[in-house]
Amino acid sequence: MLSVNIQAKAFTNGHCALRDLAFTARAGEFLAIVGPSGAGKSTLLKIISGLDTDFQGTVQQHAQARLGFMFQEPRLMPWLTVAQNLQLVDASMAGERLAEALHSVGLNDCAMLFPGQLSGGMQRRVALLRAFSVAPQLLLMDEPFQSLDAPNAEQLRGHLQSLCRATQPTVLFVTHNLSEALALADRVLFLTAGPSRVLLELPVTLPRPRSQHDPAVQALRHELLTKHPDLLKGAL
Ligand code: ADP
């Protein structure tokens, strides 16, 4: 269980990014966080990860929860092979285990390649495996598939859903792609423009696994945007 209650987050220049932003997440729940650019989504993840402690409020979670993080860029070490990049966070990622992990995301025979020899989509798959290789209880994802072409992003969303089914982390997934949020999440938190707070919480109960192209996902998206045309701008 994660419980976030941020009364205020201001930067040293006085800019207030978050105010009265509160929510909880159950163990194993997949929460998507959707909000306009500059709303404070990355700031929120930094606070939850413990990287930023300069805020008023509280973040409570399972003591010493194992934390995984995946960013927009894959952030692999270019001088290390795929295997070595994974071993940096999990030294036991070798032999059969490594082969199985690579196979699960369609990267057979890539263990000895360097990041520069991989496509952007393949690098992202390594970053996804790295995030999961610590068996995270809490996984923070900051627009991880944003800069990928549509087919690659769709494949990665499939891999993410399989990995989540197998290991059941609590996930906070930041995106500004509403279809992606509705395809992946158990619940979507919509944020206001900054200073950000939660504008709307939407449980998504459509059957899984889902793709963002599923008619039911697209119908829900259409219904939401018809009811709240300014939702993605942070207003109801
Ligand atoms: P998002 O991830 O939703 O796009 P961010 O969390 O990156 O938004 O930023 C939220 C707001 O805080 C933005 O207006 C941004 O310019 C501002 N901001 C981010 N980091 C700093 C900083 N170190 N100092 C001052 N303002 C910042």
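Predicted model: local features only at pLDDT ≥ 70, side-chain atom pairs only at ≥ 80, totals over all residues.
**Exercise 1. Describe the largest nonpolar core and say which residues have the most contacts inside it.**

Solution. 
Step 1. Take the count. The largest nonpolar core has 48 residues.
Step 2. Name the residues with the most contacts inside this core: Met141, Phe145, Leu160, Leu182 and Val188.
Step 3. Find the main contributor. Helix H4 (residues 120-132) gives the largest share, six residues.
Step 4. Compare with the domains. Domain 1 (2-66 + 136-233) and domain 2 (77-134) each supply at least three residues to this core.
Step 5. Another one, of 22 residues, lies apart; Phe23, Ile33, Ile47 and Leu191 are among its members.
Step 6. Return to Leu182. Beyond four places in sequence, Leu182 contacts Val188, Leu202, Val204, Arg210, Val217, Leu220, Arg221 and Leu224. Val217 and Arg221 are also among the contacts of Ser179.

**Exercise 2. How many residues of domain 1 are in contact with domain 2?**

Solution. 
Step 1. The domain assignment gives domain 1 as 2-66 + 136-233 and domain 2 as 77-134.
Step 2. Locate the centres. Taken over C-alpha atoms, they are separated by 26 Å.
Step 3. Count the contacts. In domain 1, 16 residues are in contact with eleven residues of domain 2.

**Exercise 3. What is the strand order of the three-stranded sheet, and which strands are its edges?**

Solution. 
Step 1. The sheet is open, its order is S2-S1-S4, and the pairing is antiparallel.
Step 2. Strand S2 (16-25) and strand S4 (56-61) are the edge strands, each pairing on one side only.
Step 3. On average, neighbouring strands are turned by 15° against each other, direction ignored.
Step 4. Look at one pair. Strand S1 (residues 2-10) and S2 run antiparallel, joined by eight bridges. Val4 stands opposite Phe23 in S2.
Step 5. Link to Exercise 3. Phe23 belongs to the core of 22 residues.

**Exercise 4. Order the six-stranded sheet and explain why one side of each edge strand is left without a neighbour in the sheet.**

Solution. 
Step 1. This open sheet has the order S5-S6-S7-S3-S8-S9, with mixed pairing.
Step 2. The edges are strand S5 (67-70) and strand S9 (198-203). Each has a single partner strand, so one side of each lacks a neighbour in the sheet.
Step 3. Neighbouring strands are turned by 15° against each other on average, direction ignored.
Step 4. Check a parallel pair. Strand S3 (residues 30-34) pairs with strand S8 (residues 187-191) over four bridges. Ile33 stands opposite Leu189 in S8.

**Exercise 5. Which residues of helix H1 are buried, and which strands does H1 lie across?**

Solution. 
Step 1. Helix H1 (residues 41-49) is mostly covered, with seven of its nine residues buried.
Step 2. The buried ones are Lys41, Thr43, Leu44, Leu45, Ile47, Ile48 and Ser49.
Step 3. H1 lies across S3, S5, strand S6 (138-142), strand S7 (170-175) and S8. Against S6, H1 runs at about 155°.
Step 4. Inspect the end. Just after H1, Gly50 has a positive phi of about 90°.

**Exercise 6. How many disulfides does the structure hold, and are Cys110 and Cys164 buried or exposed?**

Solution. 
Step 1. The disulfide count is zero.
Step 2. Cys110 has 7% relative accessibility, so Cys110 counts as buried.
Step 3. Cys164 is also buried, at a relative accessible area of 11%.

Conventions: Residues numbered from 1 in each chain as written. Heavy atoms only, no water. Pairing = 2+ DSSP bridges. Helix = DSSP H or I, 4+ residues; strand = E, 2+ residues; numbered from the N terminus. Axes fitted to C-alpha atoms, helices over the stretch in contact; angles between N-to-C directions. Contact = heavy atoms within 4.5 Å. Core = buried A, V, L, I, M, F, W, Y, C linked by side-chain atoms within 4.5 Å. Buried < 20%, exposed > 50% of the residue type's maximum accessible area, 1.4 Å probe, protein only. Domains from an automatic or database assignment. Disulfide = S-S within 2.5 Å.
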